[in-house]
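Welcome! Have a look at the sequence and the structure below, and then let us walk through them together, from the whole chain down to single residues.

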Amino acid sequence: MSSPTPRRMLAAVGVAATALLAQLLTGTATAATTPSTPTPTTPIAWEPCESPYGEGDFECGTLTVPVNWQHPDGTTVDLALARHRATDPDRRIGSLLLNPGGPGQSGVDLAFSAPSSFSPELAARFDFVGFDPRGIARSAEMHCAGDKVTARRAALGPTDEASFQTLRQANRALADSCREVSGPLADHMDTQSVARDMDAIRSGLGERQISYWGGSYGTLIGQQYAEQFPHRVRAMVLDSNMDHSLGAWGILKSRTETLEASFGLFADWCERTPSCLLYGKDVRALYESYYRAAEEGRLVYTLSNRPFPASSLRGTTYSYMYDPDDWSSFALVLSYLSIVPAPPAQTATETAVTAAADPVAFTYDPVLCQDFDLDVPSYATMARYETELARIAPLTRVASLSWSYMTTCQNWTDRVANPQHPLRVDGTPPILVTNSRYDVATPHAWAANATRQMGREARLLTYDGVGHITYWRSPCMRAATDTYLTTLTTPPKNTHCPAIWPGSSQAAANQLTPGAGLVNPMPHL
């Protein structure tokens with residue numbers, strides 16, 4: 001089997017939603033604390049295993065950790081790990097732990113793809129070690145009741161206070177079902193617990209210090225590990241950063257601003273690039289007309305002759321801003337849209353399907369909603385958010401993933417286990433923070449803010465283009481990351497790597513540079 005394609009491995013976060021805005025909601029601030037429970041030393045028993053992608057020699061193992069680190073003698077969970085040994089043992093530096101984010105994505109799968117995803121130099125110098133975080137994939141995957149998942153899905157997108165309350169009730173019923181199906185682990189899926197798990201992995205590997213590469217939501221694991229265990233960090237790359245100090249409005253505003261700017265760059269690219277199917281058109285005006293028609297039910301996807309609602313247009317636009325290499329495909333999708341004089345008649349009514357209560361895998365919300373307090377007091381607040389976001393981003397209106405963050409976490413729990421707080425990092429070596437200037441999933445402002453919070457412990461490297469996850473964006477970003485991981489040398493302050501636009505001479509040159517054939521396993525975190 002080949003390595004995962006760049007569009008598929010982490011598509012879990014491309015969630016279409018609706019819109020919002022108004023007041024800044026910041027979570028409860030809490031200072032980082034040194035864990036009171038010492039990390040146990042339990043060697044990991046490794047056995048040979050095969051990568052599902054058929055590349056390289058791997059070892060797999062498990063490590064048992066407490067579900068609740070405050071009660072280490074209680075219920076436990078087994079974490080799944082995979083390791084690819086350094087190919088040049090004489091030059092080996094140590095273990096490089098990997099996490100792709102999500103939340104809910106598999107670090108084991110990332111380790112399996114690592115020999116073809118990261119540079120040969122990193123493969124020579126490091127043991128790649130990937131782990132599935134608690135409740136994810138092979139590590140006792142979280143399950144919840146299927147009927148509650150379906151009921152909550154139907155409640156998303158409230159339009160008034162009554163439907164907002166229905167959403168809150170559906171969210172709580174779903175959360176309760178996760179606890180009923182999966183037991184106490186459902187209340188301990190937070191990232192602070194995962195950071196404790198990662199130190200148990202360090203101990204199990206027999207390493208005094210670890211190096212870490214985390215992408216997207218995986219940066220939050222790294223940030224919180226650095227808070228709790230600063231002296232156990234050798235090197236840390238935080239690629240495409242979360243900002244755990246933001247509340248609902250801060251997340252919505254920053255992502256939506258970035259989406260509007262990214263779409264503008266797409267429109268500019270199309271208008272100057274003959275290979276774009278919309279070349280020669282006023283892309284902004286075309287999109288604005290599509291959005292108005294979609295709100296009126298008059299936008300149709302011509303290949304199916306079915307309505308294309310505003311929510312679909314928002315979600316599609318958002319997902320195609322993750323990677324500019326997808327822009328030709330986005331232009332193709334837009335070219336298949338057509339405005340009709342009146343909403344098409346509904347020729348058939350879909351039969352309602354009653355979902356069974358059988359357990360289904362459900363991992364995203366149980367993590368997110370224990371890491372972020374995103375509750376809002378009423379539907380009126382959501383409506384104000386929507387109005388203000390439309391003013392900020394008159395074309396794209398809202399970053400759908402942020403709207404989804406807010407709606408799915410309403411009333412999930414009475415107490416968020418790991419609420420937002422400014423980073424408190426003291427005593428680590430320099431940490432390399434990397435981010436695209438235009439990243440709709442993790443805006444550049446988040447990386448800049450995290451860097452400011454970490455202060456002298458962090459160095460920010462900016463890719464001046466569009467896209468999520470910088471390591472695979474350009475040879476400049478790869479070289480800086482590889483140099484830091486192998487030598488601990490950070491780039492000078494205020495270093496930027498130039499943007500590479502699809503179809504440009506730089507993009508063609510990039511295909512000829514060392515490492516250009518690396519597979520990006522995680523374009524849609």
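## The whole chain

In this predicted model, residues 24 or more positions apart account for 80% of those contacts in the protein chain that have a separation of 6 or more. The chain holds 525 residues, and 58% of them are buried. Its accessible surface comes to about 20400 Å², with 51% of that belonging to carbon and sulfur atoms.

As you turn the model, you can look for 16 helices and 15 strands.

## A helix wrapped by others

How many of the residues of helix α11 are buried? Eight of the eight are, so α11 is largely enclosed by the rest of the structure. Here is the list to find in your viewer: Tyr 364, Asp 365, Pro 366, Val 367, Leu 368, Cys 369, Gln 370 and Asp 371. The cover over these buried residues includes α3 (146-155), α4 (161-182), α5 (191-205), α6 (218-228) and α13.

Two packed helices are described by the angle between their axes and the distance between the axes. For α11 (residues 364-371) and α13 (residues 400-409), the axes come within 10 Å and cross at roughly 85 degrees. An angle from 65 to 115 degrees counts as roughly perpendicular, and that makes α11 roughly perpendicular to α13. On the α11 side, the contact is made by Tyr 364, Asp 365, Leu 368 and Cys 369, while α13 brings Leu 401, Tyr 405, Thr 408 and Cys 409.

## Strands side by side

Strands of a sheet pair through backbone hydrogen bonds, either parallel or antiparallel. Let us start with strand β2. Strand β1 (residues 47-49) pairs with β2 (residues 58-66) in the antiparallel sense over three bridges, and Glu 47 stands opposite Cys 60 in β2. Eight bridges join β2 to strand β3 (residues 76-84), and these two also run antiparallel. There, Val 65 stands opposite Val 77 in β3.

Now for an open sheet of three strands, which has the order β10-β9-β11 and antiparallel pairing. Which strands stand at the edges? They are β10 and β11 (337-339), each with a single partner strand, so one side of each is left without a neighbour in the sheet. Three bridges hold the antiparallel pairing of β9 and β11, and Ser 338 in β11 is the bridge partner of Val 300. Helix α8 (residues 283-295) lies across β9 and β11, and α8 runs at about 70 degrees to β11.

Most residues other than glycine have a negative phi, and most peptide bonds are trans. Some places in this model go the other way. The peptide bond from Gly 102 to Pro 103 is cis, with omega near -5 degrees. You will find Pro 103 in the loop between β4 (94-99) and α1 (107-117).

Asn 305 is not a glycine, yet its phi is positive, at about 55 degrees. Asn 305 sits in the loop between β9 (299-301) and β10 (306-307). Ile 469 also has a positive phi without being a glycine, with a value near 75 degrees. The loop that holds Ile 469 runs between β14 (458-466) and α15 (475-487).

Are these two residues buried or exposed? Exposed means a relative accessible area over 50%, and buried means under 20%. Asn 305 has a relative accessible area of 59%, so it is exposed. Ile 469 has a relative accessible area of 0%, so it is buried.

Thr 451 belongs to helix α14 (residues 444-454). With 13% relative accessibility, Thr 451 counts as buried. Leaving aside residues up to four places away in sequence, Thr 451 touches Val 433, Ala 458 and Leu 460.

Gly 146 is part of helix α3. Its relative accessibility is 9%, so Gly 146 counts as buried too. Gly 146 and Cys 178 are 32 residues apart in sequence, and their C-alpha atoms are 9.9 Å apart in space.

Notes. Residues numbered from 1 in each chain as written. Predicted model: local features only at pLDDT ≥ 70, side-chain atom pairs only at ≥ 80, totals over all residues. Heavy atoms only, no water. Axes fitted to C-alpha atoms, helices over the stretch in contact; angles between N-to-C directions. Helix = DSSP H or I, 4+ residues; strand = E, 2+ residues; numbered from the N terminus. Parallel < 35°, antiparallel > 145°, perpendicular 65-115°, else oblique. Contact = heavy atoms within 4.5 Å. Buried < 20%, exposed > 50% of the residue type's maximum accessible area, 1.4 Å probe, protein only. Pairing = 2+ DSSP bridges. Areas by Shrake-Rupley, 256 points an atom, 1.4 Å probe, with all protein chains shown as cover.
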